[in-house]
Amino acid sequence: MDPFKGQGGIQMLLTAEQEAQHVVSSARNLRTQRLKQAKEEAENEAAQYKSHMEDEYQKSLSETSGSSGSNVKKLDEETETKIKNLKDSASKVSTEVVDMLLKYVTNIKV
């Protein structure tokens with residue numbers, strides 16, 4: 001056996017090990033870069049989704065508050081109508097009520 005042949009084998013193994021370390025290091029770097037890129041893409045997508053949902057919420061909020069305003073107006077009109085009807089009814093019977101009260105107050109039971 002030639003001693004240099006053995007040295008050459010060790011040198012080849014060391015060179016192969018160094019190349020393997022470079023390949024592994026390169027793969028780790030690529031993986032790290034890809035993870036960063038995926039994180040950025042996910043954050044952008046989440047921001048877009050949040051913006052979309054916020055727009056939808058504001059749209060539904062404006063639609064709901066618009067109909068709520070019309071409901072309030074409708075209720076105000078109904079309330080005013082009922083108050084007017086009650087006042088009309090009260091004015092029709094108020095003279096009868098006053099006459100009845102005067103009758104009971106002025107009549108003396110013996």
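**Exercise 1: charged pairs**

Aspartate 88 is partly exposed, with a relative accessible area of 34%, where buried means under 20%, exposed over 50% and partly exposed in between (1.4 Å probe, protein chains only). This model is predicted: local features need pLDDT of at least 70, side-chain atom pairs count only at pLDDT 80 or more, and totals for chains, interfaces and linings use all residues. Residues are numbered from 1 along each chain as its sequence is written, and side-chain values use heavy atoms, with hydrogens and water left out.

Task: Work out which residue forms a salt bridge with lysine 84, and how many salt bridges are counted.

Solution. 
- Step 1. Side chains of opposite charge can pair when their charged atoms come close. The rule applied here asks for a side-chain nitrogen of Lys or Arg within 4 Å of a carboxyl oxygen of Asp or Glu.
- Step 2. Lysine 84 meets this rule with aspartate 88, and the closest N and O atoms of the pair are 3.7 Å apart.
- Step 3. Both residues belong to helix H1, where they stand 4 residues apart, about one turn of the helix; helices are DSSP runs (H or I, at least four residues) and strands are runs of E (at least two), numbered from the N terminus.
- Step 4. Lysine 84 counts as exposed because its relative accessible area is 53%.
- Step 5. Arginine 34 forms a salt bridge with glutamate 41, with 3.9 Å between the closest N and O atoms. Arginine 34 is partly exposed at 42% relative accessibility, and glutamate 41 is partly exposed at 41%.
- Step 6. The count therefore comes to 2 salt bridges by this rule.

**Exercise 2: the chain as a whole**

Solution. 
- Step 1. The secondary structure of the protein chain comes to 1 helix and 0 strands.
- Step 2. Along the principal axes, the C-alpha atoms fill a box of roughly 150 × 35 × 10 Å.
- Step 3. Of the 110 residues, 0% count as buried, and the accessible surface comes to about 10,600 Å², of which 59% belongs to carbon and sulfur atoms. Such areas come from the Shrake-Rupley method with a 1.4 Å probe, and for residues only the protein chains shown count as cover.
- Step 4. The C-alpha atoms of valine 97 and alanine 47, 50 residues apart in sequence, are 71 Å apart in space. For serine 26 and tyrosine 49, 23 residues apart along the chain, the C-alpha separation is 34 Å, and for lysine 73 and glutamate 54, 19 residues apart, the separation is 29 Å.

**Exercise 3: patches on the surface**

Task: Identify which residues make the nonpolar surface patch of about 490 Å², and which form a negative surface patch.

Solution. 
- Step 1. A patch is made of residues with over 30% relative accessible area and no salt bridge, like charges being joined within 9 Å and nonpolar side chains (Val, Leu, Ile, Met, Phe, Trp, Tyr) within 5 Å.
- Step 2. The nonpolar patch is made by Val93, Val97, Met100, Leu101 and Tyr104.
- Step 3. Methionine 100 has its place in helix H1, which covers residues 3-106, and is partly exposed at 43%; valine 97 also lies in helix H1 and is partly exposed at 37%.
- Step 4. The negative patch is formed by Asp76, Glu77, Glu78 and Glu80. Lys and Arg count as positive and Asp and Glu as negative, with His and the chain ends not counted, and a charge is placed at NZ of Lys, CZ of Arg, CG of Asp or CD of Glu.
- Step 5. Aspartate 76, a residue of helix H1, is partly exposed at 47% relative accessibility.
- Step 6. The whole chain has 16 positive and 18 negative side chains, and the centres of the two sets lie 7 Å apart.
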